[in-house]
Amino acid sequence: MITLIAALTKDRVIGKDGKLPWDIPEEMQHFRSTTKGGVIVMGRKTFDSVGHPLPNRVNIVISGSVKEIPGCEVFDDVQKALERAKGFHKEIFIIGGSAIFRQTLPLADRMILSWVKKYYPGDTYFPGFDGGEWNVARKEEHEEYDIVWYIRKSIMENINAKRGQPVMASTPFDLGCTR
Ligand SMILES: NC(=O)c1ccc[n+]([C@@H]2O[C@H](COP(=O)([O-])OP(=O)(O)OC[C@H]3O[C@@H](n4cnc5c(N)ncnc54)[C@H](OP(=O)(O)O)[C@@H]3O)[C@@H](O)[C@H]2O)c1
């Protein structure tokens, strides 16, 4: 299972000047607790903006210019990075940025998107996606953002077909972890 996790505005802004446009500690805590224990895959610029490997996670960085980063595995190709990520048999989280989200969205099974309510200008965007291809499995409202858990419809159809059940419009997100 490959999960994209991001925070974005309604305009799909995710970044400005190499950083997050906002400072929302509670949302950051959600990111940390969700990805803990998993494999995180990121672009080199996102690694630079974080500045260090995140603890208690396998850190994989994609870069054509940098060969080695202490505490991380570096790959010069998205497919190679994902193959390596799968080898750990842990949850795989694509954590950005825009360049990496764009290349991996077609491969994603799930998305965990924090929709930031306020308007923030930016220069980096989450890719557009067809809402018709995704089921909303869960939604959690917060003061500054709403978290929406999406699961690709084709994944739900496969799971339900294996169980001999009809396709549900909305199914608990955890079902997506059963493959
Ligand atoms: N709101 C959120 O959830 C969120 C999450 C993550 C990041 N962000 C923000 O997004 C911005 C960074 O995003 P970004 O799109 O500019 O950069 P990025 O996706 O983090 O990194 C881009 C870099 O990744 C490497 N790369 C990408 N595709 C590659 C490929 N196919 N093969 C080899 N290397 C490849 C290249 O590194 P080299 O140049 O080294 O070759 C490229 O310059 C920042 O503002 C950050 O704060 C926001």
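This is a predicted model: local features need pLDDT of at least 70, side-chain atom pairs count only at pLDDT 80 or more; totals for chains, interfaces and linings use all residues.
You will find Asn 56 in the loop between α2 (44–50) and β4 (58–62). Its backbone deserves a look too: phi of Asn 56 is near 60 degrees, a positive value in a residue other than glycine.

## His 89, another loop residue

His 89 is not a glycine either, yet its phi is positive, at about 55 degrees. This residue sits in the loop between α3 (78–86) and β6. Is His 89 buried or exposed? With 8 other C-beta atoms within 10 Å, His 89 is exposed.

## A cis peptide bond

Now to the backbone at Gly 96 and Gly 97. The peptide bond leading from Gly 96 to Gly 97 is cis, and its omega is near 0 degrees. Gly 97 belongs to the loop between β6 (92–96) and α4 (98–104).

## Around the ligand

Which residues come nearest to the ligand? Of the 30 residues around the ligand, these are Gly 15, Gly 43, Gly 96, Gly 97 and Ser 98.

Several elements build the shell: β1 (2–9), β2 (13–15), β3 (39–43), α2, β6 and α4 each contribute at least two residues. By residue type, the shell holds twelve nonpolar, 13 polar and five charged residues.

Notes
Residues are numbered from 1 along each chain as its sequence is written. Helices (H or I, at least four residues) and strands (E, at least two) are DSSP runs, numbered from the N terminus. A residue is buried if 20 or more other C-beta atoms lie within 10 Å of its own, exposed if 12 or fewer, and partly exposed in between; C-beta atoms are placed from the backbone. A residue is near a molecule or strand if its C-beta atom, placed from the backbone, lies within 6 Å of it. Ala, Val, Leu, Ile, Met, Phe, Trp, Tyr, Cys and Pro count as nonpolar, Asp, Glu, Lys and Arg as charged, and the others, Gly among them, as polar.
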